[in-house]
Amino acid sequence: MENKQIPLMELPVASTEAEERSWGEDAEQAPKPRFQPVDREQLFWRSMNVERLIAEDHPARAIWDFVGKLDLSGYTRHARAVEGFAGRPLLSPQLLISLWIYAYSRGVGSARAIERLCEHDPAYQWLTGMEVVNAHSLSDFRVKHEKELKGLFVQILGLLSAEGLITLERVTQDGTKIRACAAKDSFRGKDRVEKALEAARQQIKVVDQVSEEETSRRVEKARQRARRERVERLETALKQFDKAKSEGGVKDSKEPRVSMTDPEARIMKQPDGGFTPSYNVQVNTDAAQGLIVAVEVTQQGNDLNQLTSGIERIEQNLGKTPKQVVVDGGYVSRDNIVAMESHNVDLIAPQCDEEGKAKSNYDSLGISREYGKSQFIHDASTNTYRCPQGKTLHLKSKSKRDSKVVHLYGADMTDCQSCSAKGQCCPNCKKGRTIQRIEELPQVDKFRQKMETESAREIYRTRSQIAETPNLWIKAKFGLRCFCVRGLRNVAMESIWACLTYNVCQWIRLCWRKQRAVALAIA
Ligand code: SF4
């Protein structure tokens with residue numbers, strides 16, 4: 001076969017688009033395309049300016065600046081690594097606090113996730129100066145310094161007050177349920193917990209006899225720690241049975257059940273109607289700029305007993321009593337109305353829907369609306385009622401219930417038995433129709449009169465936006481729908497971290513961005 005030589009000058013050169021397309025028509029003659037190679041074996045050196053890893057207006061810079069203004073000496077009071085002595089240097093509290101605040105603001109609540117992000121995320125690399133911070137150090141730091149963390153929250157409130165962002169003219173309080181780090185089926189009765197505790201203690205003894213050569217030292221240490229923690233959890237669970245019973249919600253005949261995973265969590269009703277192991281996080285928000293001024297975690301699913309302690313927390317944090325507090329119906333009780341009066345706090349809250357309650361009672365008793373209580377006229381001079389048929393109801397009894405006095409009036413049995421309206425007024429009563437008149441405390445009457453006014457109702461209409469925004473922000477933006485830690489003390493600390501982060505984010509939005517823009521414009 002003749003070997004056809006192509007002269008050098010005639011070699012095809014794909015220089016124009018038209019010529020490239022022509023290769024497709026003669027596939028045999030077309031040379032193979034060349035691709036840029038992927039070389040993963042090469043050694044590559046790259047110069048990096050850490051300071052330039054993030055933009056000038058990046059929130060990580062704001063957080064670093066803000067934390068730098070705080071007094072963090074409490075964190076290092078017991079530090080063993082000090083200048084002039086040998087030993088590994090400590091991670092600075094400014095770095096660890098900044099890392100946690102930045103992580104929460106990005107919806108990261110896991111120490112391991114932060115450790116991984118330190119390896120490749122520019123903002124974390126900028127904060128750490130390209131170092132990787134160990135997950136254990138981060139995790140321990142989050143829950144180790146309770147007193148210092150509370151102090152940090154108060155310091156931040158002080159800075160925000162100094163900027164004029166907190167006024168305490170009006171605050172709100174709202175509770176939100178956050179899921180505990182425990183499954184619903186981890187709840188057991190006392191017998192099962194006692195057996196599990198006995199087994200866990202036995203396991204520690206048995207495993208202590210196993211030779212260390214069988215496993216690596218590090219793995220064995222981790223296992224020992226896990227077994228010790230299980231015994232501690234079960235011991236806490238045993239202590240929680242009496243507490244759970246005294247808290248109520250458990251019928252006397254029913255044995256309380258406690259979670260073996262997080263013994264201090266309680267089954268609470270959720271807004272969607274379901275029941276889940278949770279904690280109730282109480283958040284107080286200042287209406288001026290929507291900043292959180294106090295936070296507390298409780299094991300009670302009900303908000304009714306949380307209002308007074310909320311006001312006291314604000315007083316502790318800011319040294320001042322708020323002028324007005326706006327809450328929803330879950331906080332309304334006679335005790336709370338009286339307590340707010342004694343604290344000199346103006347309470348704005350919905351009134352109890354007594355008319356609605358009475359209507360549902362009438363329906364169940366078969367009383368028609370035309371013969372409701374409002375149709376009976378009270379005569380103060382004789383202290384009697386007159387019914388729609390003109391008959392008199394006399395005072396039968398007077399009793400004290402809680403902080404109110406209940407007056408009971410009744411019609412004569414003979415009047416009612418012979419009345420043509422009996423079927424509509426009191427179809428089932430055998431002794432004659434009765435009416436209750438409740439004598440309220442003066443504070444309750446005053447509160448009711450106030451809440452009848454349009455100005456008070458107008459204020460109440462602002463409640464949901466102020467009170468629910470931080471709760472929504474914490475759950476939706478920070479991803480704190482479920483706690484990452486266990487136990488009341490630890491979840492309280494995680495709640496403070498989230499609220500503190502929320503306040504710093506608001507400070508960035510309200511102050512830092514504007515100040516930074518002005519500074520950059522001048523530069
Ligand atoms: S039933 Fe008795 S209370 Fe009712 S309207 Fe008749 S008389 Fe009056």
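How many nonpolar, polar and charged residues make up the shell around the ligand? The structure is a predicted model, in which local features need pLDDT of at least 70 and side-chain atom pairs count only at pLDDT 80 or more, while totals for chains, interfaces and linings use all residues. Residues are numbered from 1 along each chain as its sequence is written, and side-chain values use heavy atoms, with hydrogens and water left out.

By class, the shell holds 6 nonpolar, 1 polar and 3 charged residues; Ala, Val, Leu, Ile, Met, Phe, Trp, Tyr, Cys and Pro count as nonpolar, Asp, Glu, Lys and Arg as charged, and the others, Gly among them, as polar. The residues that surround the ligand are Tyr371, Cys387, Gln389, Lys391, Asp415, Cys416, Cys419, Cys425, Cys426 and Arg433 (a residue is near a molecule if one of its heavy atoms lies within 4 Å of it).

Attention now turns to strand β5. Of the 12 residues of β5 (residues 275-286), 11 are buried, so this strand is largely enclosed by the rest of the structure. Buried means under 20% relative accessible area, with a 1.4 Å probe and protein chains only; strands are DSSP runs (E, at least two residues), numbered from the N terminus.

Strand β1 (residues 171-179) runs antiparallel to β5 and is joined to it by 9 bridges; two strands pair if DSSP finds at least two bridges between them. Within this pairing, valine 283 of β5 is the bridge partner of aspartate 174. Strand β6 (residues 291-298) also pairs with β5 in the antiparallel sense, over 7 bridges, and here aspartate 286 stands opposite leucine 291 in β6. The hairpin of β5 and β6 has 4 residues between the strands, and in it glycine 290 takes a positive phi near 70 degrees.

Terms used:
Buried means under 20% relative accessible area, exposed over 50%, partly exposed in between (1.4 Å probe, protein chains only).
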